[in-house]
Amino acid sequence: MTTTTERRAPAVARTRDELREARKALTGKEIAVVMTMGALHDGHATLVKQARAEADHVIVTIFLNPLQFGPREDLSRYPRTFDSDMEICTEMGADLVFAPTPDVIYQDGDPGVRVSAGPLGDVLEGQSRPGHFDGMLTVVAKLMHLTGGTAFFFGQKDAQQLLLIRRMVRDLDFPGRVISVPTVREDDGLAMSSRNTYLTESDREVALSLSKALKAGAAAAPEGPSAIRRAARAVLVAEPLVLVDYLVLVHPTTLKDVPEWYRGEALLAVAGKVGTTRLIDNMPVLVGPGGGALSVFSNPDDLGPAEAAGGAR
Ligand SMILES: Nc1ncnc2c1ncn2[C@@H]1O[C@H](COP(=O)(O)OP(=O)(O)OP(=O)(O)O)[C@@H](O)[C@H]1O
Ligand SMILES: [Mg+2]
């Protein structure tokens, strides 16, 4: 049955040639790109929806990038749900889905030349996942070139990734703009993530303490950095089944701990293991009088000096 509101499924390109051909049909000026690893959820759908609203065309890439997974990480068990991914892309009005295999992206094998994330790639997520951000930036750079996009949409949920992509675009003079999309959460506060499918029912309950901790921290924002950290930590301490990797309140562009006198925007970020699943979450907060949670940073293009880096925490 066809109704007038029914959307057409996007074209699918699997090879570079198919992408080049399909790309020719996208003749508008603004080409939005949403990059994903598949197993799409409402977070991804929101990115596509926002891209749809702001651009002439929307390309979704679905690529499980081996380069950004460590040897002991979950690449082999990562969920693959192409059919339902296509349904979401159709529903959200994507024009083109680029879903290559690793040999299409890395046609000559693992690349010897890679994008280096620099010192900001060594802290927080980078400390637990060595090489992760170099692998991520390398594929993002390639997909930016291959798609020829003009506007690239990324989720605030992956705050350090978003910062590093903005830094790559600025520091290496990539064309195109980067747009931050607020974190999409389940009704109970859990940040949506493809990896949530790994959680058992009891894990799922335990995992809630991450977003609860952020919320408690943000509620203490008017009182300053140590009050924020204390309030967030108290929630995590009460849930011993979360193996906390880090809980930090850092400057949004240097990722360094903010000092006690600091007032302004900061990133409250947490990572931890629940059962066998490593989860991350964060909340941009305004620290100081009238402060609290923000959905995204107010001036994300202000990235500070190039040498500012998160080495010394
Ligand atoms: N809950 C969310 N809200 C907003 N954006 C999101 C959310 N989850 C993922 N994204 C964004 O979607 C894009 C693709 O992310 P990705 O495919 O890695 O999904 P994911 O849910 O983060 O999966 P995983 O947790 O396994 O990394 C990224 O820009 C990411 O920040
Ligand atoms: Mg992700």
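A residue is taken here as buried if 20 or more other C-beta atoms lie within 10 Å of its own, as exposed if 12 or fewer do, and as partly exposed in between, with C-beta atoms placed from the backbone. By this criterion, buried residues make up 41% of the 313 residues in the protein chain. The structure is a predicted model, in which local features need pLDDT of at least 70 and side-chain atom pairs count only at pLDDT 80 or more, whereas totals for chains, interfaces and linings use all residues. Residues are numbered from 1 along each chain as its sequence is written, and chains are lettered from A and ligands numbered from 1 in the order in which they are written.

The protein chain contains nine helices and ten strands, where helices (H or I, at least four residues) and strands (E, at least two) are DSSP runs numbered from the N terminus. Its radius of gyration is 20 Å, close to the 20 Å that the globule rule gives for 313 residues, so the protein chain is as compact as a globular protein of that length; the radius is taken over C-alpha atoms, and the rule is 2.2 Å times the number of residues to the power 0.38. Along its principal axes, the C-alpha trace of the protein chain spans about 55 × 45 × 40 Å. Two residues are regarded as in contact if their C-beta atoms, placed from the backbone, lie within 7 Å. Among contacts in the protein chain between residues at least 6 apart in sequence, 71% join residues at least 24 apart.

The protein chain is divided into domain 1 (11-181) and domain 2 (194-293), with bounds that come from an automatic or database domain assignment. The contact between them takes twelve residues from domain 1 and twelve residues from domain 2, and the C-alpha centres of domain 1 and domain 2 lie 26 Å apart. On the side of domain 1 that touches domain 2, α5 (125-128) and α7 (159-171) each supply at least two residues, and α7 gives the most, with three residues. The residues of this side divide into eight nonpolar, three polar and one charged, where Ala, Val, Leu, Ile, Met, Phe, Trp, Tyr, Cys and Pro count as nonpolar, Asp, Glu, Lys and Arg as charged, and the others, Gly among them, as polar.

Helix α7 also holds Met-168, which is buried, with 23 other C-beta atoms within 10 Å. Not counting residues up to four places away in sequence, Met-168 touches Val-115, Leu-137, Ala-141 and Phe-174.

Of the 17 residues around ligand 1, Gly-43, Gly-155, Met-192, Ser-193 and Ser-194 come nearest. Both α2 and β5 (151-155) supply at least two residues of this shell, and the largest share, three residues, comes from α2. By class, the shell around ligand 1 has seven nonpolar, seven polar and three charged residues.

Helix α2 (residues 42-54) is also the place of His-44, which the UniProt annotation "active site" covers in an unreviewed entry; UniProt positions are given in the numbering used here, feature names are shortened, and annotations may be inferred rather than shown by experiment. His-44 counts as buried, with 27 C-beta neighbours inside 10 Å, and, leaving aside its neighbours within four places in sequence, is in contact with Val-34, Thr-36 and Ile-88.

Most residues other than glycine have a negative phi. Ala-39, although not a glycine, has a positive phi of about 50 degrees. Ala-39 lies in the loop between β2 (31-36) and α2 and is buried, with 20 other C-beta atoms within 10 Å. Leu-255, likewise not a glycine, has a positive phi of about 60 degrees; Leu-255 is placed in the loop between β7 (242-250) and β8 (264-274) and is buried, with 27 other C-beta atoms within 10 Å.

Glu-91, in helix α3 (residues 82-91), is partly exposed, with 14 other C-beta atoms within 10 Å. Glu-91 and Ala-9 are 82 residues apart in sequence, yet 8.1 Å apart in space, C-alpha to C-alpha.

Technical notes. Near = placed C-beta within 6 Å.
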